[in-house]
Amino acid sequence: MMKGAKFSSLLVLFFIFPIAFAQLRVGFYSRSCPQAETIVRNLVRQRFGVDPTVTAALLRMHFHDCFVRGCDASLLIDSTTSEKTAGPNGSVREFDLIDRIKAQLEAACPSTVSCADIVTLATRDSVLLAGGPSYSIPTGRRDGRISNNVDVALPGPTISVSGAVSFFTNKGLNTFDAVALLGAHTVGQGNCGLFSDRITNFQGTGRPDPSMNPALVTSLRNTCRNSATAALDQSTPLRFDNQFFKQIRKRRGVLQVDQRLASDPQTRGIVARYANNNAFFKRQFVRAMVKMGAVDVLTGRNGEIRRNCRRFN
């Protein structure tokens, strides 16, 4: 993407999230910690070289953080009642990677780079490593001082399309954004328990979900006999591309909500456009990620810059 295009996209987004973007900016740490983004990038690259599923893990962490109290790193807090202990967050991982990044940043620039920005930047860098788009994202978020598991209300895999879209639009995103962000399942992994009924006893019928391709039913049964998880994109599971959309159009969606995207009148046209144009999908994904990264952020004097991402100062 050309620099001019990046600027134009950010300009459009400014008018969508005027308050947040007034204090978030690309290169926020260029003077206070000029090596910040390089430190994040290098540690994410090292981790990706060991385990390429880090992209899926960081995307999940970022989504689950931003959609509860905003992108404020409240998900990272360790306590018996924090967001981290809520059921939907039981599968979130790579907290140790965030700790390692934070430790290096504290050594280089004490009390300067927020944990919220670390999660945002690390996610961006991991997407590129998986073959996704390269993009600039504004920084300047501050860390929240509240983290309660009772605040976690995230959609599950059986949610309706209208329910899923409403979840995103309630945060200022649109239907194109919602489908693009769900397209991150192109590198996702799902616990077999999230779709076991679809391959064995759908809605008590004793049969698999008729909307699932029979060959996929057989493949997932075999996978789940030997593993607790399965790739949500059975074509290119570690590659960030539009194959996920091609798969769900062939009735090869693993999660029920994913499969519904391809048939619901509200989203099937968008799915088709993303399936037919990988570059278009990636452009829309960038727009959606930048918008999501500005949801209910803390800036200025609000919040804090944690010294340890797992604890409030």
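User: What percentage of the 313 residues of the protein count as buried?

Analyst: This is a predicted model. Of its 313 residues, 52% count as buried. The label needs a relative accessible area under 20%.

User: How do you know that the radius of gyration agrees with a compact globule?

Analyst: A compact globule of 313 residues would have a radius of gyration near 20 Å. The protein has 19 Å, so the two agree. Along the principal axes, the C-alpha atoms fill a box of roughly 60 × 45 × 35 Å.

User: Which elements make up the protein, and what share of the contacts comes from residues 24 or more positions apart?

Analyst: There are 14 helices and 2 strands. Among contacts with a separation of 6 or more, 76% join residues 24 or more positions apart.

User: What is known of the volume and lining of the largest pocket?

Analyst: Its volume is about 920 Å³. The lining has 34 residues, and Arg60, His64, His185, Gln189 and Leu255 lie nearest the centre. A residue counts as lining if it has an atom within 4 Å of a pocket point.

User: Which elements supply at least two residues of that lining?

Analyst: Helices H4 (54–66), H7 (161–169) and H8 (175–182) do, and so does strand E1 (189–191). H4 gives the largest share, 6 residues.

User: How many residues of the lining are nonpolar, polar or charged?

Analyst: The lining has 21 nonpolar, 11 polar and 2 charged residues.

User: What does the UniProt record say of His185, and where does this residue lie?

Analyst: The unreviewed UniProt entry covers His185 with the annotation "binding site". The residue lies in the loop between H8 and E1. Leaving out residues up to four places away in sequence, His185 touches Leu232, Asp233, Phe244, Leu255 and Asp258. His185 and Leu255 are also among the residues nearest the centre of the largest pocket.

User: Which other residues does the "binding site" annotation cover, and how do you know that they cluster in space?

Analyst: The unreviewed UniProt entry also gives this annotation to Thr186, Asp233, Thr236 and Asp241. They are spread over 56 residues of sequence, yet their largest C-alpha distance is 9.9 Å.

User: What makes aspartate 241 buried or exposed?

Analyst: The relative accessible area of aspartate 241 is 10%. Buried means under 20%, so aspartate 241 is buried. Its place is in the loop between strand E2 (229–231) and helix H11 (243–249). Apart from neighbours within four places in sequence, aspartate 241 is in contact with Thr186, Asp233, Thr236, Asn278, Phe281 and Lys282.

User: Why is proline 155 called partly exposed?

Analyst: Proline 155 has a relative accessibility of 37%. Proline 155 lies in the loop between helix H6 (115–129) and H7. The unreviewed UniProt entry annotates Pro155 as "binding site".

User: What is the label for arginine 100, and which residues does it touch?

Analyst: Arginine 100 has a relative accessible area of 40%, so the label is partly exposed. Arginine 100 lies in helix H5. Not counting residues up to four places away in sequence, arginine 100 touches Leu43 and Arg47. From arginine 100 to threonine 175 there are 75 residues in sequence and 36 Å in space, C-alpha to C-alpha.

User: What is the phi of alanine 73, and is this residue buried or exposed?

Analyst: Alanine 73 has a positive phi of about 60°, although it is not a glycine. At 0% relative accessibility, against a cut-off of under 20%, alanine 73 counts as buried. Alanine 73 sits in the loop between H4 and helix H5 (95–108).

User: What is the phi of glutamine 203, and why is this residue called exposed?

Analyst: Phi of glutamine 203 is near 50°, positive in a residue other than glycine. Its relative accessible area is 62%. Exposed means over 50%, so glutamine 203 is exposed. Glutamine 203 has its place in the loop between helix H9 (196–199) and helix H10 (214–226).

Terms used: Residues numbered from 1 in each chain as written. Predicted model: local features only at pLDDT ≥ 70, side-chain atom pairs only at ≥ 80, totals over all residues. Heavy atoms only, no water. 1 Å grid on protein atoms, 1.4 Å probe; cavity = no way out; pocket = protein on both sides within 12 Å on 5 of 7 lines; lining within 4 Å. Points joined across faces, edges and corners; volume = space filled by probe spheres on them. Helix = DSSP H or I, 4+ residues; strand = E, 2+ residues; numbered from the N terminus. Nonpolar A, V, L, I, M, F, W, Y, C, P; charged D, E, K, R; others polar. UniProt positions renumbered as here; feature names shortened; annotations may be inferred. Contact = heavy atoms within 4.5 Å. Buried < 20%, exposed > 50% of the residue type's maximum accessible area, 1.4 Å probe, protein only. Rg over C-alpha atoms; globule rule 2.2 N^0.38 Å.
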